[in-house]
Amino acid sequence: MFINVRMPDGSTHRLEAMEGWRVMEVIRDWGLPIKAECGGACACATCHVWVADSWVDKLVPPTDEETEMLDGAFSVDDRRSRLSCQLLMTPELDGLEVELAPESIADIADNTAATGTSG
């Protein structure tokens with residue numbers, strides 16, 4: 001399975017994803033600079049993504065908790081905004097297309113510390 005991630009600079013990345021993994025985990029584990037400060041606990045909105053229109057109706061609807069967290073995010077699109085930590089990969093989501101919201105991009109130094117990589 002794969003997800004397609006568009007970055008704010010226009011670059012795109014096709015990332016292999018395992019069933020049951022959170023979209024946020026896939027993005028983070030492939031080394032893309034996503035903040036994801038709470039680590040997937042739905043306690044912040046730093047993994048905010050916009051889901052491509054063609055995929056929105058294929059997702060499980062957001063919980064009240066997720067909607068509440070999105071209320072604190074910037075540039076929220078009422079239809080397409082989701083927290084990537086709340087999106088679990090399933091075979092039906094193979095090919096999912098998301099775009100990282102600009103405020104979800106981590107500084108390079110932050111990402112290096114989080115992933116244990118350098119450079």
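Helices (H or I, at least four residues) and strands (E, at least two) are DSSP runs, numbered from the N terminus. Ala36 is not a glycine, yet has a positive phi of about 45°. With a relative accessibility of 13%, Ala36 counts as buried (under 20% relative accessible area; exposed is over 50%, partly exposed in between; 1.4 Å probe, protein chains only).

The model is predicted, so local features need pLDDT of at least 70 and side-chain atom pairs count only at pLDDT 80 or more, while totals for chains, interfaces and linings use all residues. Residues are numbered from 1 along each chain as its sequence is written, and side-chain values use heavy atoms, with hydrogens and water left out.

**Whole chain.** Zoom out and colour by secondary structure. The chain has four helices and five strands, in the order β-β-α-β-α-α-β-β-α from the N terminus. Of its 119 residues, 39% count as buried. Contact means heavy atoms within 4.5 Å; of the contacts between residues at least 6 apart in sequence, 68% join residues at least 24 apart.

**β5 and its partners.** Now select β5 (96-100). Two strands pair if DSSP finds at least two bridges between them. β5 pairs with β1 in the parallel sense over four bridges, and Asn4 stands opposite Glu97 of β5. The pairing of β5 with β3 is antiparallel, over three bridges; there Val49 stands opposite Leu100. In a regular strand the side chains alternate between the two faces of the sheet. Show the side chains of β5: Leu96, Val98 and Leu100 make up the covered face, Glu97 and Glu99 the uncovered one.

**The core.** A nonpolar core is a set of buried Ala, Val, Leu, Ile, Met, Phe, Trp, Tyr and Cys residues joined through side-chain atoms within 4.5 Å. Select Ile3, Val5, Ile27, Val51 and Leu96, which have the most contacts inside the largest nonpolar core, a set of 31 residues. Two or more core residues come from each of β1 (2-6), α1 (23-29), β3 (48-51), α2 (53-56) and β5; α1 gives the most, with four. Centre on Val5 next: leaving aside residues up to four places away in sequence, Val5 touches Ser11, Thr12, His13, Leu15, Ile27, Leu32, Val98 and Leu100.

For Cys42, the nearest cysteine sulfur is that of Cys85, 5.1 Å away. Cys47 also has its closest cysteine sulfur in Cys85, but 3.8 Å is too far for a bond. Cys42 is buried at 3% relative accessibility, and Cys47 is buried at 2%.

**Another positive phi.** Go to Ser75, in the loop between α3 (64-70) and β4 (81-83). Its phi is near 55°, a positive value in a residue other than glycine.

Finish by colouring on pLDDT, the predictor's confidence in each residue, from 0 to 100. The chain mean is 91, and 90% of residues reach 70 or more. Select residues 109-119: pLDDT stays under 50 there, and the model has eight contacts for this stretch beyond four places in sequence. Where pLDDT is low, the predicted coordinates should not be read in detail.

Terms used
A disulfide is a pair of cysteine sulfur atoms within 2.5 Å.
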